[in-house]
Every structure is written in structure tokens, then in C-alpha cells.
Amino acid sequence: MYDILNVYLENGLRVIMHRIPNSRTMSCGVWVRQGSKHEDGSNNGLSHLLEHLMINKDNNLNPRFQELISNVAAEGVLYNAGTTKESTSYYFTGLTETLDRCLNTLASIVIDNKTFANELLDNEKKVVTQEAISFYSSFNQIKERVSQALWGDIGVGKIIVGNIENVKSANNKALEGILNEAYTPENSVLLIIGDIDYQETLKIIDHYFTRWKDTCTREYSEVVQSEPGVYYNSGNGGKSTVASIGFRAPGYMTKDRVYIEIASKIIGDSGLDSRLAQEVRMKRGLAYNLGSFTNFYENRGSFAFTSVCSKESVEELIKIVVNEFNKAKYNGFTPAEMEKAKKILKTNRLLELGDLASQLKFLGKCATYGHLYSLEQELRNIEKADCDTLNRVIKDIIKEESLALAIIGECNIDNIIPLLKVN
């Protein structure tokens, strides 16, 4: 049985608690529905910058927070934060007895950190700028670029690290605008996992979080590009090129998600047994770094394959990838392929079950979409998947009108575009 308590405070804050008996550690965090998809051209990148500032213990304008976070760190608590396209999160993992202090610190992060000393702001802008420069100068950006090609430079197509010039010119007024409009109780979720007593923990939560003022959240209407497109950056003249072909897919909470994840493992898992690993690496030696991936958001998703190869091999690579997608569309997958992929997914989920922080992040993502799923339910969904439905789903996903291409590095793009034919 997966035991979850879901309640709301009077100020609108949603609280989700999951009790794991006999656990000696706990994990807790706050998820705020503010990410790059909520940004526009003028402030793209500020959600990520704000995340850095909010959890920075050097914010001397909030000495109470400095003391709190130093104390939990001294107790061996591990803390971190993250920004995605749809949310920003702050989370702690430590011994069970540190829960009270961690909740106190989390409350101070989201309630009290409203402005930042100029010295801290300037320093963190430099850090985030360097992170962005490193990101944009590497092949690591390819997953973001194929998402941009699929959905446009709006909504979930927005790059998380954002526009470097926006980061450099950021000021407290712009950051306070995000805090006032998005960092509200009704736009946030507090999650706690561990061997906790629900009633006692609710008293602690009530003590620290009811002072969070109930204010209105900014309105947001998601917009995406009407059709997928092509992203091409010829790069800096290096010897290698990275290419990614992706397809639009349904959102995170749909029943088809598990089938797309299974298909992704069969077609292009980075292990040597996947179809594209065999064709691209084992048979032809065209690439070492390759793999398929899926990204799922609240209302949409993506399914893609990416590979790094020599610039002379890009056209051959694209032909092979398109051919494999066509074969999957019309010939489908075998039951044996599906069962192996299901076991890989189940292994990954079970590893997550053994890690509190992974469970917390899983619940946090679901909660920001207004749903509650358990990892046990994920395992059940994987186990129930059947080959007929898998082949139906992949046939629906792989179609030319849903295809996008992203390439970074040298190639003859005019020769490649005609190769993108999904029959």
C-alpha cells in the first residue's frame, strides 16, 4: 500500500506527505510552478538565476536564513535546488530528527528571501553567466535545442539557462516581480517523505508556513509553435557534429507515456543492444555518444534520438535514424524487445524507490501537475504494457508533421532536410 496524505493550508499551500515506516532519513522540499516556460524574451533565464540566489547562504540581507541553513548543514543535511521548464524546487535530505529544522529553513527560503545584496547578486550573475556560456558552447544543449525545434522558442521550448544578456542585466526589481507573482502559496507544493507522524508534522508545517501571505498568482496561458521546425547551428568549425531527430508526444500524465518510454529504450537506449546502437555504432562505427531520450511536460512531450558523429558522417547518420523510425512505425516491435525494455524501466524505477530524494522529485513533478502518482503505480503501469498498444502508440507518434531536427556542427543542411521523410 502506498500511503499519502494530501492537505491544503488556509493560505492555499498544498502539502503532500508520504510515510515510509522505519526510514531513518527524511526528504522534504518546496516546488514552485515557475520555470523557463513561464518566461518571455525579456526575462528568460531569471527563474534559474533566482533559484541560485534563493538558496545561497551568503544572502546577508536575511541573517535568519543564513543561520538556519548553516545549522542544517552542520547536522549533515544535504540540500540543493533545481530549475526546470515548469518549476523551481528547493529540497533537503537528512536524518529524520532534522525535519523540523529543514522545514523552518524551507519556509525561510520561499517566504523571507525577497531581495538580495548587490554584491551577492553581481557574483551569482557571473556564476550563472559562466554556466550558460559553458552550456551554449557544448553539445549538451542538443536536448534543449530539439525541444526548441519541436515547440518553438516559447513555452516549453524556452531554454532553462536562458538568455545571457538577460542574466547579466538582471536586477532586484525584475527578480522581485517573479517572487511576487509566482512564489505564492497557491502556486507551490510542500512535500515530505520519511518515517513521519502526519499530525505532528502538520503542526510543524502550520507553525512555519501559515505566515506565508495568501496572494494572487500571475496568469499563464501556454502557447507553442504551431508546427515543428529545424534548429541548425554550424558551430565553431570542429571535427564533430551532433544531430537529433525528435517527435512531438503527449504529456506526462497520459497513459501513452509508458509506451513511449518503452519504445525509446528499444530504438535507441545507450546500451549496445538497442536498434540504433547496433546500426550506428556496432555495425558502422559512426558514433560513440548516442542515445534516445524522452521529455514529458504537463501538456506535451518529446521523443528523440541524438548522436555525435564526424561532420562527414551526418547524412549517413540521418538516413539510418530515419530508416529505423520508419521500420518501427510500420513493422512495430517484438514482444521480446518489449519485455527487455520493460525490465530496464522497472530496474530504473526500483532504484528510484530506494532513494528518498528521487521519490521526492517524482512526487514533486506529479504534484505540480495537480496529480498524485506513486512509484509503485509506475511499476504496475510498466508491467501491464502490451505489445499491441505499444505498436499502435509508436505508429501514432512517428509521423512527418510531428518531426523536428536539431543539428550543432558542420553539415550540408540542404542535403539533410530532404532525408527527413517519415512515410
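**Contacts, helices and rings**

Colleague: Leaving aside neighbours within four places in sequence, what is Leu-345 in contact with?

Modeller: Beyond those neighbours, Leu-345 is in contact (heavy atoms within 4.5 Å) with Val-258, Glu-261, Ile-262, Lys-265 and Ile-382. Please note that this is a predicted model, in which local features need pLDDT of at least 70 and side-chain atom pairs pLDDT 80 or more, while totals for chains, interfaces and linings use all residues. Residues are numbered from 1 along each chain as its sequence is written, and side-chain values use heavy atoms, with hydrogens and water left out.

Colleague: Where does Leu-345 lie, and is Leu-345 buried or exposed?

Modeller: Leu-345 belongs to helix 12, residues 335–353. Helices (H or I, at least four residues) and strands (E, at least two) are DSSP runs numbered from the N terminus. The relative accessible area of Leu-345 is 3%, so this residue is buried. The cut-offs are under 20% for buried and over 50% for exposed, with partly exposed in between, using a 1.4 Å probe and protein chains only.

Colleague: How many residues apart in sequence are Leu-345 and Leu-379?

Modeller: They are 34 residues apart in sequence, and their C-alpha atoms are 8.4 Å apart in space.

Colleague: At what angle do the axes of helix 9 and helix 12 cross?

Modeller: These axes come within 9 Å and cross at roughly 110°. Axes are lines fitted to C-alpha atoms, for helices over the stretch in contact, and angles run from 0 to 180 degrees between N-to-C directions. Helix 9 is therefore roughly perpendicular to helix 12. The classes are roughly parallel under 35 degrees, roughly antiparallel over 145, roughly perpendicular from 65 to 115, and oblique for the rest.

Colleague: Which residues meet there?

Modeller: Helix 9 brings Arg-257, Val-258, Glu-261, Ile-262, Lys-265 and Ile-266. They meet Glu-337, Met-338, Ala-341, Lys-342, Ile-344, Leu-345, Asn-348 and Arg-349 of helix 12.

Colleague: And how do helix 9 and helix 15 cross?

Modeller: The axes of helix 9 (residues 257–268) and helix 15 (residues 387–397) come within 9 Å and cross at roughly 85°. That angle makes helix 9 roughly perpendicular to helix 15. In this contact, Tyr-259, Ile-260, Ile-262, Ala-263 and Ile-266 of helix 9 pack with Thr-389, Leu-390, Val-393, Ile-394 and Ile-397 of helix 15.

Colleague: What of helix 3 and helix 8?

Modeller: Helix 3 (residues 99–112) and helix 8 (residues 198–209) have axes that come within 9 Å and cross at roughly 30°. Helix 3 is thus roughly parallel to helix 8. Among the residues that meet are Leu-103, Ala-107 and Val-110 in helix 3 and Ile-204, Ile-205 and Tyr-208 in helix 8.

Colleague: A change of topic: how many aromatic pairs are there in the whole structure?

Modeller: The search finds seven. Rings of Phe, Tyr and Trp (its six-membered ring) pair if their centres lie within 6.5 Å; planes under 30 degrees apart are stacked, over 60 edge-to-face, and the rest tilted. Tyr-90 is in strand 5 and Tyr-183 in the loop between helix 7 and strand 6, so the pair ties together parts 93 residues apart in sequence. Tyr-90 is buried at 0% relative accessibility, and Tyr-183 is buried at 2%.

Modeller: Another pair is Phe-303 with Phe-325, whose ring centres are 5.8 Å apart and whose planes are at 90°, so this pair is edge-to-face. Phe-303 comes from strand 10 (residues 301–310) and Phe-325 from helix 11 (residues 314–331). Phe-303 is buried at 0%, as is Phe-325 at 1%. Together with Phe-247, they form one aromatic cluster.

Colleague: How many residues of helix 5 are buried?

Modeller: Nine of its ten residues are buried, among them Glu-144, Arg-145 and Trp-151. Their cover includes helix 4, strand 7, strand 8, strand 9, strand 10 and strand 11. Just after helix 5, Gly-152 takes a positive phi of about 90°.

Colleague: Which residue other than glycine has a positive phi?

Modeller: Asn-22 is one, with phi near 70°. Most residues other than glycine have a negative phi. Asn-22 sits in the loop between strand 2 and strand 3, and is exposed at 72% relative accessibility.
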